[in-house]
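Welcome, and please have your viewer open. We will go from stop to stop, selecting a few pieces at a time.

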Amino acid sequence: MELFHPLTVPLTKYLFFTGKGGVGKTSAACAAAVTLADSGKKVLLVSTDPASNLQDVFEVNLTNGRVPIEGVPNLVVANLDPVQAAAGYRESVIAPYRGKLPDSVIANMEEQLSGSCTVEIAAFNEFSNYITDESVQKEYDHIIFDTAPTGHTLRMLQLPSAWSNFISENTHGASCLGQLSGLESKKEIYKNAVSTLSDEKLTTLILVTRSEEAPIKEAERSSKELSELGIRNQILIINGVLASYDDSISESLYRKQQRELEAMPEQLRGLITYFIPLRAYNITGLSGVRDLLTKDHVALGGESLHTESLPRLRDVIEDLYRTGKKVIFTMGKGGVGKTTVAAAIALGLSAKGRKVHLATTDPAAHLKFVLDEHSGISMSHIDEKAELQRYREEVLAKAGETMSKEDIAYIEEDLRSPCTQEIAVFRAFAEIVDKAEESTVVIDTAPTGHTLLLLDATQSYHREVKRTQGDVPESVKKLLPRLRNADETAVILVTLAETTPVYEAMRLEEDLKRAGISAKWWVINASMLQTDTTNQLLAAKASNEIPWINKVDSHTKGDFAVIAWSADDIKGGKLLEL
């Protein structure tokens, strides 16, 4: 495994950096752009990441137009806002129907076009112009994209039904319908963009990950999906690799990373792999970007904690107990530790005498959290794949009664979307909550606000317009009002003390607010600041968590908790120590 350095790696004109939120895509893309520009290459860097911090990295106000970067003569940056683009795109699709269809139908259409899939399509719409514009091709040696399209988006672009005004014609109660309706004029541009993506002489896909289970699984999934679509020119970057250790904490981190590298999936083992060392500092300013690939700064951050003592998870559990919450969700992006937090809350409430049921989608949950000795806790494991398959079969059977083969192909792709999986799993959760009236139910992995509004809109739409659609079970109908009842339900947002996870948690919170659901407590997991490490690099890294802890403290008005980083899975009685 070699150190990643753009001047020693064979690179094509188009470079797409992709990976799970928080793995360092933006930092790696910026470092590559600056290094290539410093070497004399003309470079255009384009970000389509909703959580992009390019403005912080380059310390300059950016727009969706091209902005030259002072201090890097050959570098131009465009910071596309896909959320804003999605809003404009959504309105362009819906505008012709305003005043012609009932308000409830318009509201349903708006929600259908509010999901992450629509944001991706809007982002692809924005950057496809950069891929297909001949003048841009001639002007720059390299065009670098921070965030690549997913396999789901690319497959959707290739389906004939996706181009019809599908949303006003059919619905099946699933998820992300009609994202391309009204974009017929762009069809040829999209076709050329997809063709360029699969041309190995023109495009390189750079998968960025960390030596952790969840990001590696995401990289494997992306690699496989995009390979199947013909995008096979891929390289892998492992970011944040610790090279040595000198105390127990740094040794634990080093060994944990090495275990993950040794267990690398076969799909990724076949790729040329590079690494970027773990850095102590947040990548901001040109000096930080330039140093990322060459040297470290281990200076301690200058900010102090706003609070004298950091709240513990036991403070959250005490509040949940005191206020008598009946349904508790842990929510956050994959890999932040939702399952650990859910299990700790379940065990903590059980220790206080509550009858508790813990429902999780973690396939290893029964093994990790041995709770048999605590008779107050019952446990369910929801098999996400099985639930998704069950839902797919149900929807396709109903759709097959009235739809053409072409439209069925669209439905099949739509059923691969993240929203559909949420709905399928949510139905299973709803059934558990419905059966557990006598227990406090703690649920690991919650639906987004978009999914909840989608289910709600589907009901409204069904009352207003009698069309064929997937049935919404009674258990789901009963659960939606319950989730909006803050006296009964609590959502715990789980995050890390880092840029992207915090901003992603804030977006999740806003998403829930749209659905009428409030989230009082935040939990910052895996904090290096709480470990008291003496390793110079990790101590500096810990100090750089402080601005994000302060941000969460301010944002939540003190309703947050911090859990220390641990090399081991926290299980059994140790959960009560958090």
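Start with the open sheet: its seven strands follow the order β12-β11-β13-β10-β14-β15-β16, with parallel pairing. Strands here are DSSP runs of E with at least two residues, helices are runs of H or I with at least four, and both are numbered from the N terminus. Two strands pair if DSSP finds at least two bridges between them. This is a predicted model, where local features need pLDDT of at least 70 and side-chain atom pairs count only at 80 or more, while totals for chains, interfaces and linings use all residues. Residues are numbered from 1 along each chain as its sequence is written, and side-chain values use heavy atoms, leaving out hydrogens and water.

Now select β12 (377–381) and β16 (560–564) at the edges: each has a single partner strand, so one side of each lacks a neighbour in the sheet. From one strand to the next, the twist averages 20 degrees.

Next, pick β11 (residues 356–360), which runs parallel to β12 and is joined to it by five bridges. Look for leucine 358, opposite methionine 379 in β12.

Last stop: helices α3 (residues 82–94) and α5 (residues 116–132), whose axes come within 8 Å and cross at roughly 100 degrees.

Terms used. Axes are lines fitted to C-alpha atoms, for helices over the stretch in contact, and angles run from 0 to 180 degrees between N-to-C directions.
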